[in-house]
Amino acid sequence: METNITERLKEILGKQGVKVVIIPHISPDGDASGACSALWQVMDKLGISCHLMTCDYFPDYLKWMKCIPDSVSYQQHPIRCKRWLEEADVLFMLDHNTMAREGDLEPLTREYKGKVVMIDHHPDPDAVDLCISDPSMSSTCELLFNVIRETWGEKFIDRNVANSLYAGISTDTGGLNHNSSRPETYRVIADLLALGLDKNYVHEQLYQKNSLSRLRLTGNCLLNKLAVDENFPVAVIPITLQELEEFHYKDGDLEGLVNIPLSVEDVLVSVQITERKDRVKLSFRSKGDIPVNLWAKTHFNGGGHLNAAGGHMPLPLEDAIQKLKDTTGWFFGELLKAKYSSR
Ligand SMILES: [Mn+2]
């Protein structure tokens, strides 16, 4: 990391009595939560006053991370969040590259007058006061580890910080499955272990907390919902709101499901289409160099990484399923074009 970045960061936070607000992306995942948890802990150690706010909610399965239970939702406390933003000197955007991913907080953060610092690993970041972005990183948490170590030193990374950072690296790579072939990622994990990371505890929290209803929901999706396109190597899992209710869905219950179809040799792309109260959410996963973020960005108001992207559409679910079908040929046509033009 450039020394320039650590200097600027110290300068931005250098003012006496500086006030900080941290915001993750909408529907925070393990990486966003891990980064928010770790950064807040470091701010605490530095004696910097800090608040963590979400446009929605952190899911229950991530609440074991230090500081996450102390976050405040804009949905629940709009006035308090507004005041905190007005008072804050520095706003940290973690694990997202644009304010468009801040849900109902977006209009407020767009008007925000203080300094904005982004720490993120998604491509094409928006311009902010200090943009710490590296799309080659497995996760924001891996990047944040470097930021913390180089700016303030390893002594700021204790067991709880290490646990949160590791949780982000682990979840954002599907358990070191994808996006995790750089040796540096493993050096960071080795360093985290040396600094006190309790890997067994984190794995227990993340991966060994299945509920019976979650297992049954997964089983139902794989047995009754999963369909593979006749002409293209695409698996689709559509899930209705009614099914979510039937299986007593809780946030996080669908985590990882979209990756499962990729374990089938002939499936190169997996798409989960989930009906929510107000819209339909799409999750894309792919193997190799298939850029599903292109599909999500062009047709589903979304984006993301090469192998893991997301998008959304207005209701109803059937329209989203149909649109996916209608654009499958286009997507594979684009891939072929790219292949031949690069020869
Ligand atoms: Mn991430």
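Helices (H or I, at least four residues) and strands (E, at least two) are DSSP runs, numbered from the N terminus. By this rule the protein chain holds twelve helices and twelve strands. The model is predicted: local features need pLDDT of at least 70, side-chain atom pairs count only at pLDDT 80 or more, and totals for chains, interfaces and linings use all residues. Residues are numbered from 1 along each chain as its sequence is written.

The overall dimensions were computed next. The C-alpha atoms of the protein chain fill a box of roughly 65 × 50 × 40 Å, taken along the principal axes. The radius of gyration is taken over C-alpha atoms, and the globule rule is 2.2 Å times the number of residues to the power 0.38. For 343 residues, a compact globule would have a radius near 20 Å; the protein chain has 20 Å, which agrees. A residue is buried if 20 or more other C-beta atoms lie within 10 Å of its own, exposed if 12 or fewer, and partly exposed in between, with C-beta atoms placed from the backbone. Buried residues make up 41% of the 343 residues. Two residues are in contact if their C-beta atoms, placed from the backbone, lie within 7 Å. Of the contacts with a separation of 6 or more, 64% involve residues 24 or more positions apart.

Two strands pair if DSSP finds at least two bridges between them. Strand E1 runs parallel to E4 (residues 90–94), and four bridges join them. Within E4, Phe-92 is the bridge partner of Ile-22.

Lys-15 lies between H1 (3–12) and E1 (19–23). Lys-15 is exposed because 12 other C-beta atoms lie within 10 Å. Its C-alpha atom is 30 Å from that of Phe-58, 43 residues apart in sequence. Ser-27 sits in the loop between E1 and helix H2 (30–45). Its phi is near 45°, a positive value in a residue other than glycine. Ser-27 counts as partly exposed, with 18 C-beta neighbours inside 10 Å. Cys-67, in the loop between E2 (49–54) and E3, also has a positive phi, near 80°. Cys-67 is buried, since 21 other C-beta atoms lie within 10 Å.

Another open sheet has six strands in the order E7-E8-E9-E10-E12-E11, and its pairing is mixed. The edge strands here are E7 (227–228) and E11 (303–304); each pairs on one side only. Six bridges join E10 (residues 280–286) to E12 (residues 308–313), which run antiparallel. In this pair, Leu-282 stands opposite Gly-311. Helix H11 (residues 292–299) packs on the sheet and touches E9 (269–275), E10, E11 and E12. The direction of H11 makes about 155° with that of E10. Helix H12 (residues 317–341) also packs on the sheet, touching E8 (234–239), E9, E10 and E12. The direction of H12 makes about 160° with that of E9.

Strand E9 is mostly covered: seven of its seven residues are buried. In a regular strand the side chains alternate between the two faces of the sheet. Val-269, Val-271, Ile-273 and Glu-275 are buried on one side of E9, and Ser-270, Gln-272 and Thr-274 on the other. E8 and E9 run parallel, joined by six bridges; Pro-238 stands opposite Ile-273. E9 and E10 pair in the antiparallel sense over seven bridges. A hairpin of four residues joins these two strands, and Glu-275 stands opposite Val-280.

H12 has 25 residues and should span 36 Å at 1.5 Å a residue; its end C-alpha atoms are 36 Å apart, which agrees. The expected span is 1.5 Å times one less than the number of residues. H12 bends by about 40° at Thr-327, where the bend is the angle between axes fitted to the seven residues ending there and the seven starting there. Ala-320, Leu-324 and Phe-331 are buried in H12. The buried residues of H12 pack against E8, E9, E10, H11 and E12. Pro-316 lies in the loop between E12 and H12. A cis peptide bond, with omega about 0°, joins Leu-315 to Pro-316.

Methods: Axes fitted to C-alpha atoms, helices over the stretch in contact; angles between N-to-C directions.
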